[in-house]
Amino acid sequence: MSPRRAWAVLVALSLAAFAFITTELLPVGLLTHIAPDLDRSRSQVGLLVSGYAIVVVLASVPLARLTQRIPRRQLLGVTMLLFAAANALAALASTYAVLAGSRVVTALAQALFWSIATATVTGPFPAAVRGRVVALFATGATLAPVLGVPLGTWLGQQAGWRTAFGALAGVGLAIAVAVFILLPSYPPAAGGAARGTAPDGRRFVLLLVATALGIGGFMTLQTYVTPFLLDVSGFADAVLAPLLFVSGAAGVIGTLAAARTLDSRPTASLLTPLSIGAASLFGLYALGALRPGVVALLAGVGLAYAAFGSAVQSRMLQLAPGSTDIASAGVSTAFNAGIAGGSLLGGGLLPTLGPRPLALAGGLLTLAAFALLAVDAWRSRTAGSAPASNPGSPAAGQEITPARTGTALHD
C-alpha cells in the first residue's frame with residue numbers, strides 16, 4: 001500500500017471510530033430528552049448505553065472468528081452500511097423498543113469494527129511506530145466527546161433527539177463509500193499487524209481484566225454524568241454541551257500526549273492515565289458542589305479515559321498471543337464489559353443514593369485497575385523480565401512512514 005493511501009485509510013477509519021463512539025455515548029448527552037419523550041426513566045435510558053455494551057461484549061470474539069477470512073475492504077464497508085441503516089432506524093423510532101432494537105444492530109456493527117480496525121490501520125506502518133499510529137487512529141474516538149456528543153446533544157436540543165441519530169446515519173453512509181474506494185482488498189492474514197510483536201498470554205489476560213475494571217470505573221460516573229452535573233453541581237441544562245466539550249477536549253490532549261510514550265514506555269502509558277482518572281473521580285466525589293473544581297476534574301476524567309484507551313490498544317498489538325484480530329476482539333469485549341458493568345452499577349446506585357456516590361465507586365474501580373497493572377509491572381521487573389518496549393522505537397520526533405511489505409495489496 002502506498003504511503004498516501006495508508007494515511008487516507010487511517011483518516012477514514014478514524015472518522016468511523018468517531019461515528020461509532022458518538023453513537024454509543026449519545027444517549028448520555030440526550031438522556032434528559034429521550035426519557036420524557038419515550039415515557040421512560042433516566043435509568044432506563046441509561047440502559048441504552050449499558051445494553052449496547054453488553055451486545056459488544058457477547059458478539060466481539062464470535063464475529064471476529066466468523067469473519068477471519070473475509071477481505072477487510074468488503075467487511076468494513078458492509079459494517080459501515082449496517083451502522084448507517086441502524087442509525088436511520090433509531091431516527092425513526094417512535095417507541096423505546098424500536099430504539100433499543102436499533103442500538104442492538106449498531107452494537108453488532110461496532111463489535112466487528114473494533115475487532116478488525118486497529119490491525120487494519122496499523123498494518124502498513126513499521127512495528128516501532130505503531131503505538132503512535134494507534135494514537136492517531138484513536139483521535140477519532142477521542143474527538144467524539146469533543147465534537148460528536150456535544151454537537152449531537154445540541155442538535156437534539158434544537159431539533160429533537162431523532163435528528164441527531166439521522167445525522168449519524170448520513171455520516172455512516174459517507175464513510176462506507178470512502179472505505180470501498182480507499183481500502184485495498186487483501187487476505188486478513190497478510191496484514192502487517194496480524195500478529196503481536198511480543199506475545200505474552202499471561203500479561204494479555206491481565207491487560208483485559210485491568211481494562212474492564214478501569215473502563216468500568218470511568219463509566220460508572222460517565223453514563224450518568226448529566227444528572228451529576230445537574231443535581232450535584234447545580235449546572236443549568238444549557239451548559240451541558242460545553243461541559244461535555246471540555247471533557248472531550250481534554251481527551252484529545254490525553255491521546256496526543258500518550259502518543260509520545262506508547263512505543264517507548266507502554267507500562268507507564270497505562271498507569272499514568274489510571275492514576276489521573278482515579279484522582280479525578282475521587283475529587284468529584286469530594287468537591288462535586290464546587291463548580292470550578294468540577295470543570296477541572298471533569299477534564300481530568302476525560303483526559304485519562306482517552307489516554308488509557310489508546311494505551312490499551314497499543315499494548316494489545318505487543319502482547320497479543322495469536323491473531324491481533326482475535327486479541328482486539330478480546331480487548332473490545334473487556335472494554336465494553338467495563339462500559340456495561342459501570343453503567344449497570346451506576347444505574348443501580350442512582351435511584352437510591354443519587355449521583356454523587358457514583359464518582360466514589362468509579363474511583364475505587366479505577367484504582368483497582370491501577371493496582372493490578374502496577375503489581376504486574378513490579379513482578380516483571382523483580383523477575384528480571386525484558387522490557388516490553390521495542391528497542392528499535394524511534395525518537396519522539398521521528399517521521400512515521402508506512403512500511404512497504406512484500407505482500408501484494410490489490411484493488
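Me: Helices (H or I, at least four residues) and strands (E, at least two) are DSSP runs, numbered from the N terminus. Where does Gly-288 lie?
Reply: Gly-288 lies in the loop between helix H10 (266-287) and H11. Before going on: this is a predicted model, in which local features need pLDDT of at least 70 and side-chain atom pairs count only at pLDDT 80 or more, while totals for chains, interfaces and linings use all residues. Residues are numbered from 1 along each chain as its sequence is written, and side-chain values use heavy atoms, with hydrogens and water left out.

Me: OK. Is Gly-288 buried or exposed?
Reply: Gly-288 counts as buried, because its relative accessibility is 0%. Buried means under 20% relative accessible area, exposed means over 50%, and partly exposed is in between (1.4 Å probe, protein chains only).

Me: What does Gly-288 touch?
Reply: Not counting residues up to four places away in sequence, Gly-288 touches Phe-228, Val-232, Ser-233, Gly-283, Val-294 and Arg-356. Contact means heavy atoms within 4.5 Å.

Me: What follows H8?
Reply: Gly-234 follows H8, and its phi is positive, near 80 degrees.

Me: Changing topic. At what angle do H1 and H2 pack?
Reply: About 175 degrees, with the axes of helix H1 (residues 3-37) and helix H2 (residues 42-66) 8 Å apart. That makes H1 roughly antiparallel to H2. Axes are lines fitted to C-alpha atoms, for helices over the stretch in contact, and angles run from 0 to 180 degrees between N-to-C directions. Angles under 35 degrees count as roughly parallel, over 145 as roughly antiparallel, 65 to 115 as roughly perpendicular and the rest as oblique.

Me: Which residues in H1 and H2 meet?
Reply: From H1 there are Phe-20, Glu-24, Pro-27, Val-28, Leu-31, Thr-32, Ile-34 and Ala-35. They meet Arg-42, Val-45, Gly-46, Leu-48, Val-49 and Tyr-52 in H2. The contact of H1 with H2 has 10 nonpolar, 2 polar and 2 charged residues. Here Ala, Val, Leu, Ile, Met, Phe, Trp, Tyr, Cys and Pro count as nonpolar, Asp, Glu, Lys and Arg as charged, and the others, Gly among them, as polar.

Me: How many aromatic pairs are there in the whole structure?
Reply: A search finds 7. Rings of Phe, Tyr and Trp (its six-membered ring) pair if their centres lie within 6.5 Å; planes under 30 degrees apart count as stacked, over 60 as edge-to-face and the rest as tilted.

Me: Take Trp-161 and Phe-165. Why is the pair edge-to-face?
Reply: Their planes are at 90 degrees, so the pair is edge-to-face, with the ring centres 6.0 Å apart. Both residues lie in helix H6 (residues 161-182), 4 residues apart, about one turn of the helix. Trp-161 and Phe-165 are both buried.

Me: Which residues do ring pairs link into a cluster?
Reply: Phe-20, Phe-83, Phe-113, Trp-114 and Phe-137. Phe-20 also turned up in the contact of H1 with H2.

Me: What sits over the ring of Phe-235?
Reply: The charged end of Arg-291, 5.5 Å from the ring centre. A charge sits over a ring if NZ of Lys or CZ of Arg is within 6 Å of the ring centre and within 35 degrees of the ring normal.

Me: Next, Thr-153. Where does Thr-153 lie, by helix?
Reply: Thr-153 lies in helix H5 (residues 130-159). Its relative accessibility is 0%, so Thr-153 counts as buried. Leaving aside neighbours within four places in sequence, Thr-153 is in contact with Leu-26, Gly-29, Leu-30 and Leu-244.
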